[in-house]
Amino acid sequence: MIKVLMIESRDKDILDIEKKLSKTVTETYQLQCLNQFDATQFENLRFDILLLGQSENQFEGPRGSIDILKSALKLQFHQPIIYLTDQSDIKVDQQVMQLGADDCLPKNELTSTFLDRTIQHAIRRRKAESKIAHMATHDQLTGLANRYLLYQHLEHSISIAKRNDRQFAVLFIDLDKFKLINDSLGHDIGDILLVQVAERLTTCVRETDIVARFGNDEFAILMENTGPTRNIITIAQKIQKAMEPGFEVRQHELFISASMGIATFPECGIEPETLLKNADSALYKAKELGRNTYHFFTRELNKQARLKLELEKNLRRALINGEFDIHLQPQMLSHSDHVAGAEALLRWNHPKYGFISPAVFIPLLEDLGLLVGVEGWVLNQVCQLAKKFTDTYGQLRFSVNISGAHFKTGNLKENVYLALQASSLDAHNLEVELTEDIMIEHVEHNSYLLSELKEIGISVALDDFGKGYSSLSYLKNFPADILKIDKAFIDHLVEDKRDSAIVESLVDLSHKLGIKVVAEGVEQKGQLSHLKRIGCDFIQGYYFAKPMPINEFETFVVNRFEQHNKARKRLV
């Protein structure tokens, strides 16, 4: 049944429409009528279509039919409106359609069939338009508002907040380690998880708040009229609590946490773009703090964000401008204190800020898609250096850090081969260091690639072992030659029995698997003595030397050789 609401002041026209609707054969109609327009009545009325009859002298006075049409359109209800004229008039027809009516029909030409068909077409057309509008403003996967709709609501909230001197907040939410779930279990599982996350987020906010899906695994919440900061914190903590229970997805129990960045109006900006940008900066800071936390935007973060933008811009030309340097940190044989080789470390000597920490610019290189290219440059430079040093000082091994991004591009093998070929370096003098993200993702493919590198004589080292997701299965399944024990276990090696037990066990297990061990971050003589006693193979750390420029490393090597030569002569 189609419910028709008609606004008409003439009873004979109402009876005529009622009669025509009763004679239709395709649909049943229920007609309700109003003799005059009253905006307050529309809140309680339920109807599928509005028929607005043209009254006499419609262009005279504020209550004419055209004015009523304008008033009805201002209510922005979703039902279609058909304007009924006394007789065909092209000027009235054009004016009505331009105002936004769905159709304009002359009463004297109406038949039951024509009216029935027009009403049904108008309803179907409006439903189709509503569906298209919903698709344009909502995320198809979760049904939440999308970025476009959030922006519209944000503009509206700013307008209201300025008039009423109110505060509101924007929360950016990013799911921690979602990519790992997506890559390991597939996008279907990831999509189901996103839907479930969306459902939990909507339970954490009020009906007046807007929850939107902003990107792949990013969500945003527009919190209206927040009041004190503690109210925002309450919602953030509620979201954290909602994420704690596991998600049941196709027989998988998945656990995921959320990092949140918060920007408030007007403290963090009075324009939509500024608020969104600042909420994103706060989110980035929350991730830096260890994830599964929330962080409010501050002026200091704004400075950091501006610096980040500047560094990103400068990074694009750093390689061309010759701003990258390679520093070398010696690796020593534990039993003799001879130089066994060095780890190559990338340094950025910024023309304005001096040396920038790798912890700052390496993630930026990866975000910009430049890391693989820079690593290729490092490979070539290190192979050239290694060739020079091995020709002059004998067998030394030089290690290069390789990122997960380099594995994903599929050209690591080619880059290594080209660097060796161009430098004429023996492959046995080159070592590649890889981190846990490479070990976790695409295990079979990466293991095969590493095995190919090993076949030509290149050594493979597992870096920062024990720092994060390290598993003994990696030692079993990966073709590793060297294990590098993370500095965190070395710092309290002497005084902490548990650290001592872990390090000693790792050394013993590695040796039984045919893997040599490097201890990173050795700074004290007691640490060195302990590592020598348990049979650790190589030592790296400030006790012997910090990372240094190439010329200083050469001086270090020369001095070590001279010291050992003098010692041998004394023994003779």
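**Ground rules.** I number residues from 1 along each chain as its sequence is written, and side-chain values use heavy atoms, with hydrogens and water left out. Since the model is predicted, local features need pLDDT of at least 70 and side-chain atom pairs count only at pLDDT 80 or more, whereas totals for chains, interfaces and linings use all residues.

**Aromatic pairs.** I searched the whole structure and found 14 aromatic pairs, where rings of Phe, Tyr and Trp (its six-membered ring) pair if their centres lie within 6.5 Å, with planes under 30 degrees apart counted as stacked, over 60 as edge-to-face and the rest as tilted. I looked up Trp348 with Phe361, which is an edge-to-face pair at 5.9 Å centre to centre and 75° between the planes. This pair links distant parts of the chain, with Trp348 in strand β14 (residues 339-350) and Phe361 in helix α11 (residues 358-367), 13 residues apart; helices (H or I, at least four residues) and strands (E, at least two) are DSSP runs numbered from the N terminus.

I then checked burial, taking buried as under 20% relative accessible area, exposed as over 50% and partly exposed as in between (1.4 Å probe, protein chains only). Trp348 is buried at 0%, and Phe361 is buried at 0% as well.

Next I noted Tyr543 and Phe544, an edge-to-face pair at 5.2 Å centre to centre with 90° between the planes. Tyr543 is partly exposed at 32%, while Phe544 is buried at 12%.

**Cluster and charges.** I traced ring pairs that link Phe389, Tyr393, Phe398, Phe553 and Phe561 into a cluster. For charges over rings I required NZ of Lys or CZ of Arg within 6 Å of the ring centre and within 35 degrees of the ring normal. Lys388 lies over the face of Phe389, a member of that cluster, at 6.0 Å from the ring centre, and the charged end of Arg397 sits over the ring of Phe538, 4.8 Å from its centre.

**Sheet.** I followed five strands that form an open sheet of mixed pairing in the order β7-β8-β6-β11-β12, where two strands pair if DSSP finds at least two bridges between them. The edge strands, each pairing on one side only, are β7 (210-213) and β12 (294-296). Strands β6 (residues 168-175) and β8 (residues 218-223) run antiparallel and are joined by six bridges, and Ala169 has Met223 in β8 as its bridge partner.
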